[in-house]
Amino acid sequence: MKKRIISAVCAAAFIAGGAGAPVAGTALPLSAVTASADEGDIECEGYFLYYIQEDGTAYITNYVGNEKIVNVPATLGGKPVTVLGKFSIGFNYENGDSWKHMTDEDYTSEQVILPDTIRTIEFEAFAGLKCLKFVNLPDSLETIGDGAFEYCEALPEVTIPENVDYVGMSAFWACQSLDKITVRSKNASFGMKAMGYVLETPGGDYKEVKNNDLTIYCYKDSTAEQYAKDNDFKYELLDKPAPPAPAKADISKATVKAANKTYTGKALKPAPTVTLDGKTLKKGTDYTAAYKNNVNCGKATVTVTGKGDYEGSKSGSFIIKPAKMTAKKLTSPKAKTVKLTWKKAKGGVTGYKVQIALDKKFKKSAKTYTVKKASVTSKTIKKLKSKKTYFVRVCAYKKVGKTTYTGGWSKVKKVKCK
């Protein structure tokens with residue numbers, strides 16, 4: 001590989017913290033960084049070293065900052081960033097002819113935010129970044145290189161997006177804290193020990209073991225599911241069938257009651273009492289209510305329909321009774337005769353009942369007469385006793401089936417019979 005060293009001007013800027021170096025964060029010693037490229041000259045922008053590839057996209061060769069949160073730019077030199085190169089983010093440097101990791105004290109980056117332009121993460125790009133706790137893998141990502149995240153010991157979970165077609169050998173090797181990997185790619189190929197293998201040090205010796213805390217979340221019949229089965233890892237399916245909904249109680253078996261009401265000329269909606277298996281259900285939570293024939297006198301219907309944990313419907317009824325009557329005038333037009341007139345009742349009543357007695361409590365010689373037409377508004381009562389004072393009142397009634405429902409009595413009128 002042909003090597004190109006960053007320009008002296010850019011190097012001096014990083015080392016001295018002068019023009020061209022970012023104000024925030026800390027730069028690692030640039031003497032410890034060697035950038036290499038197969039194509040164009042190495043350039044610098046912020047804390048990133050890069051070159052422009054033949055396809056016109058940017059390739060990051062090194063990150064030389066030391067920020068806790070590293071925001072990888074979407075463009076460098078005005079070109080989209082598509083590749084994180086070998087050893088680019090894990091703070092590696094060349095010492096002679098070999099690559100070595102910086103010590104833990106050399107870097108503190110805990111989060112790396114990748115742009116949605118990245119297509120490739122190359123060999124050991126993040127390797128050895130032991131303090132890394134979060135990295136987002138964008139939907140644009142297609143390739144995760146061999147050993148890309150090995151020794152990222154603090155990383156607890158990661159999501160591999162659906163466009164990834166290759167997860168390299170040992171890509172997440174020795175990631176001691178990694179207990180959740182979500183694989184949204186259904187057909188990615190996985191290199192040997194790509195996920196789930198960690199190191200133990202019994203007696204000071206390193207020993208490779210499987211991470212028994214790891215759970216792989218994947219789709220049914222995907223390559224990730226097969227990887228989990230082949231390597232005996234726990235896994236859960238992202239597309240597993242939802243558990244069957246619990247059976248709903250049938251409200252048609254409930255008891256529905258509503259209190260009788262008095263005619264007002266408006267729609268009446270008494271709250272029903274709905275009980276099922278000894279439980280009183282709650283309106284709005286367990287059922288909704290609808291009303292029918294609930295304006296005029298007679299039999300009205302309330303229908304409850306199950307909601308939430310209940311299904312089906314059940315109807316109940318209540319009676320709308322006639323309103324209290326208004327007696328207009330009581331006279332004695334001739335001997336032994338009285339005549340009561342009243343205001344015609346509204347609401348579709350069947351008729352009226354007129355009651356007469358010799359006392360205002362209607363206990364002495366009381367008698368009741370029925371007027372069977374709602375259009376009639378008077379009643380003449382004959383064969384009474386002259387010179388006696390009579391008390392008279394009237395009420396409306398509604399007949400429903402074989403049952404008669406009466407409204408309130410009018411105020412009592414009295415007159416001395418001729």
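## Reading strands and rings

Colleague: Strand E22 and strand E24 (residues 273-276) run antiparallel and are joined by three bridges. Which residue in E24 is the bridge partner of Val 256?

Modeller: Val 274 is the bridge partner of Val 256. Keep in mind as we go that this is a predicted model.

Colleague: What is the order of strands in the open sheet?

Modeller: Read the sheet across its strands: the order is E22-E24-E25, three strands with antiparallel pairing. Strand E22 (255-257) and strand E25 (279-280) are at the edges with a single partner strand each, so one side of each has no neighbour in the sheet.

Colleague: On to the rings. How many aromatic pairs does the structure hold?

Modeller: There are 12 aromatic pairs. To name the geometry, look at the angle between the planes: over 60 degrees counts as edge-to-face. Tyr 151 and Trp 173 have ring centres 5.6 Å apart and planes at 85°, so this pair is edge-to-face.

Colleague: Which parts does the pair of Tyr 151 and Trp 173 tie together?

Modeller: Tyr 151 belongs to the loop between strand E12 (143-144) and strand E13 (157-160), and Trp 173 to the loop between strand E14 (166-167) and strand E15 (180-183), so the pair ties together parts that lie 22 residues apart in sequence. Tyr 151 is partly exposed, at a relative accessible area of 26%, while Trp 173 counts as buried at 16% relative accessibility.

Colleague: What is the geometry of the pair formed by Tyr 197 and Phe 233?

Modeller: With ring centres 5.7 Å apart and planes at 80°, the pair is edge-to-face. Tyr 197 is in strand E17 (residues 197-200) and Phe 233 in the loop between helix H2 (223-230) and strand E20 (234-237), so the pair ties together parts 36 residues apart in sequence. Both Tyr 197 and Phe 233 are buried, and together with Phe 190 and Tyr 227 they form one aromatic cluster.

Colleague: Which residue lies over the face of Tyr 197?

Modeller: That is Lys 193, at 5.6 Å from the ring centre. Look also at Phe 362, where the charged end of Arg 393 sits over the ring, 4.0 Å from its centre.

Key: Residues numbered from 1 in each chain as written. Predicted model: local features only at pLDDT ≥ 70, side-chain atom pairs only at ≥ 80, totals over all residues. Heavy atoms only, no water. Pairing = 2+ DSSP bridges. Helix = DSSP H or I, 4+ residues; strand = E, 2+ residues; numbered from the N terminus. Phe/Tyr/Trp six-rings, centres within 6.5 Å; stacked < 30°, edge-to-face > 60°. Buried < 20%, exposed > 50% of the residue type's maximum accessible area, 1.4 Å probe, protein only. Lys NZ or Arg CZ within 6 Å of the ring centre and 35° of its normal.
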